[in-house]
Amino acid sequence: MTCEQCIESIGPYFDGELSAEERAQVEEHLRDCPECTAAHRQLTETSSRLRAGLVRYEAPDVLRARIRSSLGEPARDAGPRLVPLASRSRLAWTRTIAAAAVVAVLSSGLTFVTMRGRAPASSLQQEVLSSHIRSLMPGHLTDVESNDQHNVKPWFNGRVNASPDVPRLDSLGFPLVGGRLDYIDGHNVATVVYTRRQHVINVFSWPAAGDDLAPVASSANGYHFIRSRRNGMESWIVSDLNPAELESFSRMLAR
Amino acid sequence: MAEQQVGGFEELVLSHLDDAYTLARYLLHDEHDAQDAVQDASLRAFRHFGGFRHGDARSWFLAIVRNCCYDFHKARRMDRSSVPFSDDTLEELPDPHAADELVLEGSESDRVRAAVDALPAELREVIVLRELSELSYREISDVVGVPMGTVMSRISRARVRLGAMLGADSRKAG
């Protein structure tokens with residue numbers, strides 16, 4: 001075996017891609033050739049540094065949940081279902097959303113409504129958006145400021161007819177900031193405030209008549225909304241956070 | 001869709017989600033893009049799962065993930081300057097001096113990551129598939145869609161370049 005042939009073979013040799021016969025030839029050459037031996041040592045070192053230094057990522061739970069949900073796997077919890085709307089590449093997504101929606105509807109019998117940002121905002125959406133924007137002005141974000149749900153939830157008692165759920169989601173990257181009262185659609189509204197990085201997320205909820213409504217995502221004026229109705233409570237999640245993360249948040253909130 | 005089919009899909013395809021996400025992270029450099037691409041790939045795979053009859057499910061799925069990453073990157077190139085990732089730029093060498101500076105600082109892990117990121121995508125993907133997911137040349141050939149001989153020479157070129165960029169191991173030198 002020439003040095004040229006050996007150099008060509010040390011990769012496959014190292015990766016276990018050679019036959020026994022080829023291995024023997026490489027090993028025989030390496031015994032007598034310091035240059036090729038040095039090349040082999042260099043390759044071994046590079047490979048072990050890569051394996052030691054590079055991160056092998058684990059798919060986050062949020063991603064698994066999104067995929068399960070979009071495949072329409074029968075629900076294992078009672079949480080609301082949401083067709084993924086993370087649609088920065090709209091062409092690809094339009095097709096996959098359609099496919100996912102069909103699968104999901106067939107399997108679960110739930111109906112989904114997807115609403116694109118170009119649709120004119122409903123007046124209710126406009127009201128929710130106004131409250132959101134107002135909350136971003138200095139001094140308006142919270143009436144009770146606390147990252148402890150045991151402070152925030154009781155604060156609503158007596159101030160609104162139905163105190164909202166205030167799950168703690170810090171460990172999932174959505175720290176609780178506090179609570180606030182708003183007035184939307186003729187109701188006193190309980191608003192729970194979370195953040196994600198520099199983005200504020202307002203969760204508005206109030207008692208509302210009518211059937212349950214699976215989560216519906218929409219966008220207007222650069223803000224993203226997820227509306228749902230469950231157990232007689234209307235809920236709107238609003239933020240300028242990207243739709244994918246807002247959708248994850250919505251799912252965690254409903255758990 | 002029958003639940004049974006979803007179950008078979010999960011077992012055969014989604015058990016490789018870590019490999020899929022790892023590949024996407026190294027190709028797209030952004031965790032949200034990577035998640036979107038893998039989700040997109042999972043949906044595509046699910047739709048075509050009925051047609052998947054034989055062969056290795058992991059390679060089949062990773063090939064779809066890789067295609068989705070390329071699609072994502074193409075869509076991004078319009079509005080974002082990024083690491084070259086298309087056929088016309090694959091052969092471009094990164095500026096060796098920039099790479100030197102890049103890998104001089106930080107921990108060993110940072111240095112290794114920076115060196116891998118400085119590789120053109122066609123070399124980066126084979127290194128990730130080989131060193132992290134431990135695919136065989138045959139499997140990599142299926143994922144990337146090139147002959148095994150090409151896989152072999154790309155892995156070899158990638159290792160030589162990485163060895164040169166990384167230089168001596170600082171842990172041993174220090």
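Helices here are DSSP runs (H or I, at least four residues), numbered from the N terminus. This is a predicted model, in which local features need pLDDT of at least 70, side-chain atom pairs count only at pLDDT 80 or more, and totals for chains, interfaces and linings use all residues. Residues are numbered from 1 along each chain as its sequence is written, and chains are lettered from A and ligands numbered from 1 in the order in which they are written.

Next, select residues 34-53 of chain A, which form helix H3. The buried residues of H3(A) are A:Cys36, A:His40, A:Leu43, A:Thr46, A:Ser47, A:Arg49 and A:Leu50.

Now display H3(A) with H9(B). Their axes (lines fitted to C-alpha atoms over the stretch in contact, with angles from 0 to 180 degrees between N-to-C directions) come within 9 Å and cross at roughly 80°. The two helices are therefore roughly perpendicular (65 to 115 degrees) to each other.

To view the contact (C-beta atoms, placed from the backbone, within 7 Å), select A:Gln42, A:Leu43, A:Thr46, A:Ser47, A:Arg49 and A:Leu50, which meet B:Arg159, B:Leu162, B:Gly163 and B:Leu166.

Finally, select chain B, whose secondary structure comprises 10 helices and zero strands (E, at least two residues). Of its 174 residues, 46% count as buried.

Methods. Buried ≥ 20, exposed ≤ 12 C-beta atoms within 10 Å, placed from the backbone. Expected span 1.5 Å × (residues − 1). Parallel < 35°, antiparallel > 145°, perpendicular 65-115°, else oblique. Contact = placed C-beta atoms within 7 Å.
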